[in-house]
Amino acid sequence: MGLQIHKETFDAEDHERFARRLAESLEVLRTVLERPGFGVGPRTIGAELEMFLVDAAGFPLPVNRQVLSQTVDPRVTVEIDRFNLEVNLRPGPLAGRPFTALREEFESALAEVRRAAATQGARVAVTGILPTLREADLGSASLTGMPRYRALSAAIRNRRQEPLRVVIKGEDSLTLEWDDVSLEGANTSLQYHLRVDPADFARMYNAAQLATAPVLAVSSNSPFLVGRRLWDETRVALFRQAVDDRGESSSEAPQHGRVTFGHGWVRQGPLELFAESVALYSPLLPVLGPESPLECLAAGGLPRLDELRLHQGTVWSWNRAIYDPSGGGHVRIELRALPAGPSVVDMLANGALLLGLTLGLSDEVEALLPGIPFACARGNFLRASKEGLDAMLLWPERNAPSPRPVPAVALVERLLPVAREGLVGAGVAAEEADALLSIIQARLRAGCTGARWQRKMLARLEAHMPRQDALGALLERYMAHSTSGRPVHEWPMD
């Protein structure tokens, strides 16, 4: 459990104390990471899944705390907006049949949330952005009534000294000005966690960065926002702007957005990512915990580093370094780019592809990186988010001086054996890896992601009803298919 936030405003002294604690924590983390054997052990995976609560008509229903009160399942927690919930699935070993275990976790957690939600007249929608979401569903009243979220919203708004501005151009265009961070709750994601040994972290993290774009291209599921047809993965464009604490900045002192793909390839390990977060981003929630990291370290203990972890949680890297003091301590990579949905089996297949490529590319990533500037990897991520299966991605080749453009579909086809090798090499049962990666291959051949299914369905429905009605009808079909257990490429278009 992290630090509890009880205050909503902070003064200069709070920030000064917190800055000192962050500096101490970085030095303590350096020492901890150098301890012989720290974090060494079997690889594990876990996942977090965010979701929407909707009413009988498919519109957001802001009752997350009421729903939470109806369950004692420790996996269930609230999220930033009152119509969001999250489930934190129990981690398990990567070797063996990890996705069978995760499937049981997904299904049991979702069944419990649906049961608890029904007591409040709510249903559960698992999708990247709710198609029926309206501007009126957002705003300060939609923030979950906890000091943490109000403090976060106030800190970002105060730093900007002006409203948040969201501009997204796709098939339609959207421009919004907003006074709080409730737009963040329009995004729901699926986040996988991969525990890695500290010595392997840099190459694993770089492999994850390289793999994210092709995986997102074939996993996109967020084509609409407040009635507009935008990017195939609109979450990427929205999230970057929804929590942007930057006001006016000069070219001499540029500021960095808190939602980021990163600033370069990692050369050493997790410490440099934590140090980067401290150096580039001002604290938003300067809350001190009771533990002195230096005193804990001097006593031979394992410091919790609560303040550093809290600060890292307010820098939303699409792939994030995590330090976890539990169970003797370890580090892991949080893979944050995937959307929620469409179905449990789709989410497992997306995870198998992303984790498999992270593992499979890690052995050759050092030979590949000289052939792809980091800016190209960032550009791949944005193109995959905007264009999905139609994206043209730059990919490095061994001994080639520069990356070559490859259509996303052809690239993922080419990478499927790499993902399989990564999974099986890490001890995942071959038949489990094959079953999930075959779903990706079938999706490629059908040309159907969650985003593409939604776009086609909207076009069919909108031919004979207004868009808002069509989006509602689309959601009903989506929710029925999502709970059927069938992957999205098998969903009918009627």
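**Close-up views of aromatic pairs and the nonpolar core**

The structure, a predicted model, holds twelve aromatic pairs (ring centres of Phe, Tyr and Trp, the last by its six-membered ring, within 6.5 Å; planes under 30 degrees apart stacked, over 60 edge-to-face, the rest tilted). Local features need pLDDT of at least 70 and side-chain atom pairs count only at pLDDT 80 or more, whereas totals for chains, interfaces and linings use all residues. Residues are numbered from 1 along each chain as its sequence is written, and side-chain values use heavy atoms, with hydrogens and water left out.

**View A. The pair of Trp318 and Phe381.** The ring centres of Trp318 and Phe381 are 5.5 Å apart and the planes lie at 50°, so the pair is tilted. Trp318 belongs to the loop between β11 (316-317) and β12 (319-324), and Phe381, 63 residues away, to helix α12 (residues 374-387) (DSSP runs numbered from the N terminus: helices H or I, at least four residues; strands E, at least two). Trp318 and Phe381 are both buried (under 20% relative accessible area, 1.4 Å probe, protein chains only).

View B. Tyr478 lies in helix α16 (residues 467-482) and Trp491 in the segment after α16; both are buried.

**View C. Leu353 in the largest nonpolar core.** This core has 167 residues (buried Ala, Val, Leu, Ile, Met, Phe, Trp, Tyr and Cys joined through side-chain atoms within 4.5 Å). Leu353 is one of those with the most contacts inside the core. Leaving aside neighbours within four places in sequence, Leu353 is in contact (heavy atoms within 4.5 Å) with residues including Val215, Val412 and Ile440.

Terms used: Buried < 20%, exposed > 50% of the residue type's maximum accessible area, 1.4 Å probe, protein only.
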